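The following exercises are to be worked through with the sequence and the model at hand. Each task is followed by a solution in steps.

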Amino acid sequence: ALVTTKEMFRKAYEGGYAVGAFNVNNMEIVQGIVDAAKEVRSPLILQVSAGARKYAKPAYLKKLVEAAIIDSDLDIALHLDHGDSFEICKQCIDDGFTSVMIDGSHLPYEENIALVKQVVEYAHARGVVVEAELGKLAGVEDEVNVKAEDATYTDPKQAVDFVKRSGCDSLAIAIGTSHGAYKFKGEPKLDFERLETITKLLPDYPLVLHGASTVIPEFVEMCNAYGGDIPGAQGVPEEMLRRAGSLGVCKINIDTDLRLAMTAAIRKYLHDFPAEFDPRKYLGVGRDAIRSMVRHKLVDVLGSDGKM
Ligand code: G3H
Ligand code: 13P
Ligand code: ZN
Ligand code: NA
């Protein structure tokens, strides 16, 4: 069924695991993710960015997710990723999304709170839950480009005040992750002490980790071996994601790993079969690569398998 994240997060918190939130942009991506979750009986969050809405058109994405629910019989939440205004959140709520993110992380503190409150008021009146963000991730997120030096980690005490005053249902925090394929220059490092403090100060409260792709070396190497050029890509080690999931983190956002898996498989296919030009052939192997990658995430990293 189409559900909110309330019950999902409650169970994930108690079970010490996390629910995967995967970005969707077309049919093959939706099917790859949902087929994996169906195989291992995992709850899912499918999230749509402003860019995804622009690429695929909102009505198509909504119908694809509805079709996925019918086909899989899973509990799936439909979430707006990085909403940057009250208006886009309202549109998604009116369209039937069960969860929206209002990302005011770039705003001054009080303005962030005021914006979140406005969205919470509209959303809660309609049974929809709201994710907010406090602190800044490094890297590129949609049209906002935050330089690494400007990245500021979430202040634990401020997080408590923020949650209480804004009324948000979950909070995205900054502890050293970033969006995209280039997360660390040297050794990967996340501020787990900070995460433990936030978890302690906000007991039973679901936290969200953005920029949480592993940047799986196998797919980076496959891209590079078949004409790609993505040198030095590096993501969050799986062990760190497991540790985050055992703490207050209940939602782990993944987009880059989907992009890499699909692109790697398609690059290899087109190289190996240069005479093929049926899109179903190469999109099919892209979808398969997503399915097996997501299955691995659900079972070995997030621990959400069998939780449906
Ligand atoms: O956080 C950003 C997500 O990866 C979505 O990316 O805005 O290019 O769709 P996008
Ligand atoms: P990645 O770029 O690490 O996949 O992060 C995705 C994300 O946070 C979407 O909101
Ligand atoms: Zn994000
Ligand atoms: Na958790």
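**Exercise 1: An annotated histidine**

With 26 C-beta neighbours inside 10 Å, His82 counts as buried, because a residue is buried if 20 or more other C-beta atoms lie within 10 Å of its own, exposed if 12 or fewer, and partly exposed in between, with C-beta atoms placed from the backbone. The model is predicted: local features need pLDDT of at least 70, side-chain atom pairs count only at pLDDT 80 or more, and totals for chains, interfaces and linings use all residues. Residues are numbered from 1 along each chain as its sequence is written, while chains are lettered from A and ligands numbered from 1 in the order in which they are written.

Task: Determine which residues the "binding site" annotation covers, and why they can be said to gather at one spot.

Solution. Step 1: In the unreviewed UniProt entry, the annotation "binding site" covers His82, His179 and His210. UniProt positions are given in the numbering used here, feature names are shortened, and annotations may be inferred rather than shown by experiment. Step 2: These residues span 129 residues in sequence, yet no two of their C-alpha atoms are more than 11.9 Å apart, so they gather at one spot. Step 3: His179 is located in the loop between β8 (170-173) and α8 (192-201). Because His179 has 22 C-beta neighbours inside 10 Å, it counts as buried.

**Exercise 2: The setting of β3**

Task: Describe how many residues of β3 are buried and which strands pair with β3.

Solution. Step 1: β3 is mostly covered, with 8 of its 8 residues buried. Step 2: Strand β2 (residues 44-48) runs parallel to β3 and is joined to it by 5 bridges; two strands pair if DSSP finds at least two bridges between them. Across this pairing, Gln47 stands opposite His79. Step 3: Strand β4 (residues 99-102) also pairs with β3 in the parallel sense, over 3 bridges, and Ile102 in β4 is the bridge partner of Gly83. Step 4: Together with helix α5 (residues 86-95), β3 and β4 make a right-handed β-α-β unit. A crossover is right-handed if, with the strands pointing away from the viewer, the path from the first strand over the helix to the second runs clockwise.

Task: Locate the residue annotated as "active site", and decide whether it is buried or exposed.

Solution. Step 1: UniProt (unreviewed entry) places this feature at Asp81, which is found in strand β3. Step 2: Asp81 counts as buried because it has 27 C-beta neighbours inside 10 Å. Step 3: Leaving aside residues up to four places away in sequence, Asp81 touches Asn23, Gln47, Val48, Ser49 and Met101, where contact requires C-beta atoms, placed from the backbone, within 7 Å.

Task: Decide whether Asp73 is buried or exposed.

Solution. Step 1: Asp73 lies in the loop between α4 (58-72) and β3. Step 2: With 11 C-beta neighbours inside 10 Å, Asp73 counts as exposed. Step 3: Its phi is near 60°, a positive value in a residue other than glycine.

**Exercise 3: The shell around ligand 2**

Task: Identify which residues are closest to ligand 2, and which elements give two or more residues to its shell.

Solution. Step 1: The shell holds 14 residues, of which His210, Ser213, Asn253, Asp255 and Thr256 are the closest; a residue is near a molecule or strand if its C-beta atom, placed from the backbone, lies within 6 Å of it. Step 2: The elements that give two or more residues are β3 (76-83), β10 (249-254) and α11 (256-272). Step 3: By class, the shell divides into 2 nonpolar, 9 polar and 3 charged residues. Here Ala, Val, Leu, Ile, Met, Phe, Trp, Tyr, Cys and Pro count as nonpolar, Asp, Glu, Lys and Arg as charged, and the others, Gly among them, as polar.

Definitions and conventions. Helix = DSSP H or I, 4+ residues; strand = E, 2+ residues; numbered from the N terminus. Contact = placed C-beta atoms within 7 Å.
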